[in-house]
Amino acid sequence: MFGDIFGDFFGGSRRSSANSGPMKGANIRTSVRISFEDAIFGCEKEIELTLKDECGNCHGTGAKPGTSPETCSKCDGKGKVVFSQQSLFGMVQNVQTCPDCRGTGKIVKDKCPDCRGTGHISSRKKIKVTIPAGIDNGQSVRIRDKGEPGSNGGPRGDLLVEVVVSRHPVFTREDMNIFSTAPISYAQAVLGGEVRISTVDGDVVYEVKPGTHADTRIRLKGKGVPSLRNKNVRGDHYVTLVVQVPTTLSAEAKEALRAYDALSGDSLAKGASEPVKHEKGRKKGFFNKNQD
């Protein structure tokens, strides 16, 4: 940047934007959708896209068989042209891609009928993509030499496949850890017992401790997402235990619950008998406008 600035001040700046040597082809970007489980354990997917290959008729020259591309007369085969331009600081020389040959240094007069002078043929192809275990949503898989063809003998570009992971109805993911919830009954929360929990490896049986509070989070070690660098290293699965409160009870169940409450402190009777306390400055039946 500084070279260009000072060159403009003292004259004689050359800005080269062309390169007639071998150049690597452009990368191609596409995407593939996979399931939550496929992202955890890896998979293989097949995608179909349009790729350019060297024309078999002209072997990539773009010229009609029996003829050859000619050297561009405008740039003498260099692929770039130099022109001078007057500026406030004197004459400035600029280098740009040759507009006639577009930087190739060659002009095709008799074009190949198959590729119409481009030197390439486009066709639909199926490519297998190996999705590694542990890949996350938005990350990409690079497939070498499956991009656009290079120019002047340069290598092909790469194919970049972005992975789109579908949402899971039960699990969510943060880095290498998985999160979910599991319902337990009130009796299981009080007395303890076994509960079946779904994981990406299948169901596991967990022993709930007696006196477990609502929204208690437990950790299932090693049941999370594998590391991209080492598939033998996995994150954890965190499960929030949600106590289910029944909305419908039979008469016998209600009677049993009242009996339990009477034995454990009689909270139903105490709650009904406690006097109502009013805040100072308020009269019964009157409320402030800003009361929640």
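The following dialogue concerns a predicted model of one protein chain.

Colleague: What makes up the secondary structure of the protein chain?

Modeller: The protein chain holds 15 strands and five helices. Of its 292 residues, 28% are buried.

Colleague: Why is Tyr 186 called partly exposed?

Modeller: Its relative accessible area is 43%. Buried requires under 20% and exposed requires over 50%, so Tyr 186, at 43%, falls in between and is partly exposed. Tyr 186 belongs to helix H3.

Colleague: Which helices supply the nonpolar patch, and which gives the most?

Modeller: Helix H3 (186–191) and helix H4 (251–263) each supply at least two of its residues. H3 gives the most, with three.

Colleague: Which residues have the most contacts inside the largest nonpolar core?

Modeller: They are Ile 34, Ile 47, Ile 131, Leu 159 and Val 163, in a core of 18 residues. At least two residues of this core come from each of strand E1 (28–34), strand E2 (43–54), strand E7 (120–131), strand E8 (140–143) and strand E9 (159–165). Another core, of eleven residues, lies apart from it and includes Ile 184, Ile 218, Leu 220 and Val 239.

Colleague: What does Ile 34 contact, leaving aside its neighbours within four places in sequence?

Modeller: Its contacts include Ala 39, Cys 43, Ile 131, Ile 135, Val 163 and Val 165. Across the protein chain, 63% of the contacts between residues at least 6 apart in sequence join residues at least 24 apart.

Colleague: How do you know that strands E4 and E5 pair?

Modeller: Pairing requires at least two bridges. Eight bridges join E4 (residues 80–87) to E5 (residues 90–97), so the two strands pair, and they run antiparallel. Phe 83 stands opposite Asn 94 in E5. E4 and E5 form a hairpin, with two residues between them.

Key:
Residues numbered from 1 in each chain as written. Predicted model: local features only at pLDDT ≥ 70, side-chain atom pairs only at ≥ 80, totals over all residues. Heavy atoms only, no water. Helix = DSSP H or I, 4+ residues; strand = E, 2+ residues; numbered from the N terminus. Buried < 20%, exposed > 50% of the residue type's maximum accessible area, 1.4 Å probe, protein only. Contact = heavy atoms within 4.5 Å. Core = buried A, V, L, I, M, F, W, Y, C linked by side-chain atoms within 4.5 Å.
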